[in-house]
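I'm opening my notebook on this one and jotting down what I look up as I go.

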Amino acid sequence: MSPESWLDLRVLVTVGTGGVGKTTVSAALGLEAARRGKRVLVLTIDPAKRLADALGIDELSHEPRELELRVAGGGSLAAMVLDTKRTFDELVMRFSPDVESRERILANPIYRNLTDALAGSREYSAMAKLYQLYSDGDYDLIVLDTPPAKHALDFLETPRRLQGFLDSGFLKVLLHPAAAIGRTGFRLFRFGSELVLKAMERITGIEFLTAISEFLLAFEAMLGDFTRQGREVERLLRDLSCGFVLVAGPDPEQARLARSFWRRLEPERIHLVGLVLNRIRVWPGSGPPPEVDAAERTAALTWLQKELEERGLEETAEAAARSLLGIAEQQAALARRDAENCAQMERALPLEPAQVRRIPLFDEDIHALDTLARMGEHMLGKSEDG
């Protein structure tokens with residue numbers, strides 16, 4: 001699948017470790033799709049302001065914010081940042097069997113802290129929000145910017161662990177302890193737990209026993225809906241309408257992570273559609289840096305010194321010439337190293353050459369739509385709008 005075809009998907013998920021410019025790549029893909037006539041939403045899970053900064057706007061919220069674009073073909077671009085608490089609230093309001101149950105859960109002190117404290121809650125809520133936006137059908141393309149992670153699939157595994165908790169025997173014990181562990185065991189369980197919870201109540205002032213009981217009883221009615229939603233999201237991420245793009249940097253560690261990523265991705269039956277190699281040091285112009293022998297280096301140094309002397313720098317010409325030549329040699333070495341590391345990553349993944357895009361290291365920070373457009377052109381070529 002060529003990069004131009006990425007924009008024909010319904011969902012595009014960018015993955016990668018921190019510090020590789022993944023959020024900026026997500027924003028550039030979204031902008032380029034909008035310039036080609038698509039209705040696009042870029043959704044980030046990262047609470048930091050990276051997406052807002054890349055788009056050149058002050059802030060984003062949990063509600064999609066439409067950007068002012070002048071594009072042909074009816075394209076549009078919106079962006080939003082996930083609010084975990086609000087997403088869980090929306091799920092509660094959607095799945096609650098009645099108003100009374102909904103209000104009881106939303107006001108419950110255990111619930112109010114659970115969404116922040118439970119491992120995987122942010123990723124689970126992101127998947128839920130993605131599925132809701134996908135189902136609503138308001139956008140031709142949703143670009144999901146996943147959070148930085150040491151391993152690219154952590155954002156898939158953490159909500160899965162949360163899903164496992166929802167399906168676990170432990171939760172069934174909490175919901176129906178007498179049936180799960182027997183009457184005698186239940187009396188011992190209740191006696192021990194009451195001692196612990198009452199001690200916590202004295203310390204914190206929160207009536208844990210009452211709050212937990214009310215929360216679990218109200219939550220039980222929604223458990224099946226939460227479980228079904230998790231399974232629907234799993235199916236969506238493996239559907240042919242959803243593709244994953246790996247964003248990586250040009251260093252040996254990134255090459256190792258790319259191989260590790262593919263080993264973990266393959267059994268997941270997820271569609272890796274492309275690799276974006278970002279912030280690559282390149283030699284000015286085109287082609288690889290020239291190989292310079294000792295004689296050519298001496299000739300270049302002599303020429304530089306003469307040019308500087310003619311510009312009135314006679315006293316510092318030799319030192320300046322050596323400094324300039326050293327900078328050029330350093331840039332050439334970095335360009336060669338980045339090219340080799342990129343080649344290693346391309347060999348590590350089962351992708352066609354057309355599915356790999358290299359983006360050079362820009363000489364400016366990306367904080368505006370025009371710079372994002374340049375980045376998009378490196379990935380997808382010039383659009384008719386451009």
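**Entry 1: Leu-334**

I started with Leu-334, which lies in helix H16, residues 317-348. Keep in mind that I'm looking at a predicted model. Is Leu-334 buried, exposed or partly exposed? I looked up its relative accessibility and got 24%, so Leu-334 counts as partly exposed. The cut-off for buried is under 20%.

Next I checked a distance from Leu-334 to Pro-289. The two are 45 residues apart along the chain, and their C-alpha atoms are separated by 9.8 Å.

**Entry 2: H16 and its partner H15**

As for handedness, H15 passes H16 in a right-handed crossing.

Which residues make the contact? From H15 I noted Arg-297, Ala-300, Leu-301, Leu-304, Gln-305, Leu-308 and Glu-309. From H16 I noted Ala-317, Glu-318, Ala-320, Ala-321, Arg-322, Leu-324, Leu-325 and Glu-329. Sorted by class, this H15 and H16 contact has nine nonpolar residues, one polar and five charged.

**Entry 3: H4 against H7**

The angle is about 60°, and the axes are 9 Å apart. H4 and H7 are therefore oblique to each other. This time I wrote down a left-handed crossing for H4 passing H7.

On the H4 side, the contact is made by Thr-84, Thr-87, Phe-88, Glu-90, Leu-91 and Arg-94. On the H7 side I found Ser-121, Arg-122, Tyr-124, Ser-125, Ala-128, Lys-129 and Gln-132. By class that gives four nonpolar, five polar and four charged residues for H4 with H7.

**Entry 4: H4 against H13**

H4 (residues 84-95) also packs with helix H13 (residues 223-237), at an angle of about 120° and with the axes 10 Å apart. That makes H4 oblique to H13. Here H4 passes H13 in a right-handed crossing.

What does each helix bring to the contact? H4 brings Phe-88, Leu-91, Arg-94 and Phe-95, and H13 brings Asp-225, Phe-226 and Gln-229. The classes for H4 with H13 are four nonpolar, one polar and two charged.

Leu-275 is found in strand S7. I looked up its accessibility and got 0%, so Leu-275 counts as buried. Leaving aside neighbours within four places in sequence, I listed its contacts as Trp-6, Leu-246, Ala-248, Met-345, Glu-346, Leu-349, Leu-351, Gln-355, Val-356 and Arg-357. I also took the C-alpha distance from Leu-275 to Thr-14: 9.6 Å, for residues 261 apart along the chain.

Arg-279 has its place in S7 as well, and the strand covers residues 272-280. Arg-279 is partly exposed, at a relative accessible area of 38%.

**Entry 5: Ile-359 in S8**

Arg-279 turned up again when I looked at Ile-359, which touches Arg-279. Ile-359 is found in strand S8, residues 356-360. Its relative accessibility is 1%, so Ile-359 counts as buried.

Not counting residues up to four places away in sequence, Ile-359 also touches Val-25, Val-276, Leu-277, Asn-278, Ile-280, Met-375, His-378 and Met-379.

**Entry 6: the whole chain**

Last, I zoomed out. How many helices and strands does the protein chain have? I counted 17 helices and eight strands. Of its 386 residues, 47% count as buried.

The accessible surface comes to about 19,400 Å², and 54% of that belongs to carbon and sulfur atoms. I also checked contacts between residues at least 6 apart in sequence: 77% of them join residues at least 24 apart.

Notes. Residues numbered from 1 in each chain as written. Predicted model: local features only at pLDDT ≥ 70, side-chain atom pairs only at ≥ 80, totals over all residues. Heavy atoms only, no water. Axes fitted to C-alpha atoms, helices over the stretch in contact; angles between N-to-C directions. Helix = DSSP H or I, 4+ residues; strand = E, 2+ residues; numbered from the N terminus. Parallel < 35°, antiparallel > 145°, perpendicular 65-115°, else oblique. Left-handed = near helix turned anticlockwise from the far one by under 90°. Contact = heavy atoms within 4.5 Å. Nonpolar A, V, L, I, M, F, W, Y, C, P; charged D, E, K, R; others polar. Buried < 20%, exposed > 50% of the residue type's maximum accessible area, 1.4 Å probe, protein only. Areas by Shrake-Rupley, 256 points an atom, 1.4 Å probe, with all protein chains shown as cover.
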